[in-house]
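Here is a short tour of one protein chain. Have the sequence and the 3D view ready as you read.

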Amino acid sequence: MKLLINQKDNIFYLKGVMNEFAKLHPIAEFTGPVMILNFKEVKRINSIGVRELIATIEQVDSSIEIIFDECSSVVVYQMVMIPNFGSRVKVKSVYAPYYCPECDYQEDILIEMENFNLEQSLLKATCQECDSELEFDDDEKLYFWFINEDTK
Ligand SMILES: [Zn+2]
């Protein structure tokens with residue numbers, strides 16, 4: 001499976017698996033004040049894919065603002081590898097993994113990062129199968145490690 005990149009204006013929609021075959025040069029060659037990378041459909045990233053992403057971000061002109069949007073959890077787990085992440089990249093929204101303690105239903109819920117606050121912002125969500133309250137399926141502080149980075 002390859003990584004597909006679909007560009008609409010200043011938004012790059014990435015889809016598939018980010019690995020050694022990912023061709024990220026359209027991102028590196030972008031010109032404009034702001035670029036948005038949408039990671040909603042990125043299902044897997046390997047270590048070479050992360051290195052490709054890091055190298056690509058380093059090639060983007062420093063005057064261009066880089067925004068990560070709709071980051072799937074595989075992307076959230078790998079963002080920590082990106083040097084100077086918080087000062088170089090702004091995170092608009094991420095998918096957070098939730099599960100139902102009653103029936104094991106799982107759902108990724110999109111969380112907007114504007115005004116996000118760990119104590120207050122994790123959503124109360126209801127299981128679509130059994131109406132129980134869903135629980136966040138990770139360590140909040142580790143999962144949202146980039147919030148503090150973001151405000152530096
Ligand atoms: Zn349930």
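## Overall build

Of the 152 residues of the protein chain, 22% count as buried. Keep in mind that this is a predicted model. The protein chain has 7 helices and 8 strands. Its radius of gyration is 16 Å, close to the 15 Å that the globule rule gives for 152 residues, so the chain is as compact as a globular protein of that length.

Now look at the outline. Taken along the principal axes, the C-alpha atoms fill a box of roughly 50 × 35 × 25 Å. Among contacts with a separation of 6 or more, 63% join residues 24 or more positions apart.

## The nonpolar core

Which residues touch the most other members of the largest nonpolar core? They are Met18, Phe39, Val42, Cys71 and Val75, out of 26 residues in this core. Four elements each supply at least two residues of the core: strand 2 (11-18), strand 3 (34-45), helix 3 (73-79) and strand 6 (93-99). Strand 3 gives the largest share, with 4 residues.

In soluble globular proteins, nonpolar side chains tend to be buried together.

Next, pick out Val75. Leave aside residues up to four places away in sequence. Val75 then touches Phe39, Val42 and Ile45.

## Strands 6 and 7 up close

How many bridges join strand 6 and strand 7? The two strands pair in the antiparallel sense over 7 bridges. Find Tyr95 first. Its bridge partner in strand 7 is Leu110. Then find Pro97, which stands opposite Asp108 in strand 7.

Strand 6 and strand 7 also make a hairpin, with 6 residues between the strands. In this hairpin, Asp104 takes a positive phi near 70°.

Terms used:
Residues are numbered from 1 along each chain as its sequence is written. This is a predicted model: local features need pLDDT of at least 70, side-chain atom pairs count only at pLDDT 80 or more; totals for chains, interfaces and linings use all residues. A nonpolar core is a set of buried Ala, Val, Leu, Ile, Met, Phe, Trp, Tyr and Cys residues joined through C-beta atoms within 7 Å. A residue is buried if 20 or more other C-beta atoms lie within 10 Å of its own, exposed if 12 or fewer, and partly exposed in between; C-beta atoms are placed from the backbone. Two residues are in contact if their C-beta atoms, placed from the backbone, lie within 7 Å. The radius of gyration is taken over C-alpha atoms; the globule rule is 2.2 Å times the number of residues to the power 0.38. Two strands pair if DSSP finds at least two bridges between them.
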